[in-house]
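Reader: I am new to this structure and would like to learn how to read it. Could you take me through its features one at a time?

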Amino acid sequence: MRRYALLLPFVAAAVVAACTPPPVEVGRGLYNDVCAACHGATGKGDGRLAGDLGQRPPDLTMLTARNGGVFPQAAVMGVIDGYHRRDDPHGEMPVFGDLLAEGNLVGVDTGDGRLTPTPERLVALAAYVERLQK
């Protein structure tokens, strides 16, 4: 029993590391690769492809302001990965769930106080979008 007690700090460190969100720089790279063409470099919906779409991409810099001053992390991740758009046949935004599912999972509190295993690349992208807020 004592042998296993010595391992406890290492196991605890591994669990904490798994719950630590990835750096925002990862999210910035993902944003530039898959979002900026439509949403623009600053998130205002003015990307180089925005004019080719049936409707202008939303201004991502106002998400917090439109949500009572709180960044809607779970909703943003749901839109990005496609969860909140499954029944929207008219939406022009691609579903990025499969692309962002690669890699590790991290624990994210999506509002109910429990940690939900979430792809770290999705968390990183949402964290970068949070940084774009006015």
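**Reading the fold, step by step**

Author: From the N terminus on, the elements of the protein run α-α-α-α-α-β-β-α. That order holds six helices and two strands. Helices (H or I, at least four residues) and strands (E, at least two) are DSSP runs, numbered from the N terminus. Please keep in mind that this is a predicted model: local features need pLDDT of at least 70, side-chain atom pairs count only at pLDDT 80 or more, and totals for chains, interfaces and linings use all residues. Residues are numbered from 1 along each chain as its sequence is written, and side-chain values use heavy atoms, with hydrogens and water left out.

Reader: What share of the residues in the protein is buried?

Author: Let us start with the term: buried means under 20% relative accessible area, exposed means over 50%, and partly exposed lies in between (1.4 Å probe, protein chains only). Here, buried residues make up 31% of the 134 residues.

Reader: How do I read the way two helices cross, say H4 and H6?

Author: Axes are lines fitted to C-alpha atoms, for helices over the stretch in contact, and angles run from 0 to 180 degrees between N-to-C directions. In this model, the axes of H4 (residues 73-81) and H6 (residues 120-131) come within 10 Å and cross at roughly 120 degrees. H4 is therefore oblique to H6; angles under 35 degrees count as roughly parallel, over 145 as roughly antiparallel, 65 to 115 as roughly perpendicular and the rest as oblique.

Reader: Which residues make the contact between H4 and H6?

Author: Contact means heavy atoms within 4.5 Å. H4 contributes Gln 73, Val 76, Met 77, Ile 80 and Asp 81, while H6 contributes Leu 122, Val 123, Leu 125, Ala 126 and Val 129. By type, the residues of this contact are eight nonpolar, one polar and one charged. Ala, Val, Leu, Ile, Met, Phe, Trp, Tyr, Cys and Pro count as nonpolar, Asp, Glu, Lys and Arg as charged, and the others, Gly among them, as polar.

Reader: Which residues of H4 are buried, and what do they pack against?

Author: The buried ones are Val 76, Met 77, Gly 78 and Ile 80. They pack against helix H5 (97-100), strand S1 (105-109), strand S2 (115-119) and H6. Just after H4, Gly 82 takes a positive phi of about 95 degrees.

Reader: Is Val 129 buried or exposed?

Author: Val 129, in helix H6, counts as buried because its relative accessibility is 4%. Not counting residues up to four places away in sequence, Val 129 touches Tyr 31, Leu 60, Leu 63, Phe 71 and Val 76. The C-alpha atoms of Val 129 and Gly 27 are separated by 8.0 Å, although these residues are 102 apart along the chain.

Reader: What about His 39: where does it lie, and what is it in contact with?

Author: His 39 lies in helix H3 (residues 36-39) and is buried, with a relative accessible area of 9%. Leaving aside neighbours within four places in sequence, its contacts include Tyr 31, Lys 44, Pro 57, Leu 60 and Met 93.

Reader: How many disulfides does a search of the whole structure find?

Author: A disulfide is a covalent bond between the sulfur atoms of two cysteines. The search, which looks for a pair of cysteine sulfur atoms within 2.5 Å, finds zero disulfides. For Cys 35, the nearest cysteine sulfur is that of Cys 38, 8.7 Å away. Cys 35 counts as buried at 10% relative accessibility, whereas Cys 38 is partly exposed at 23%.
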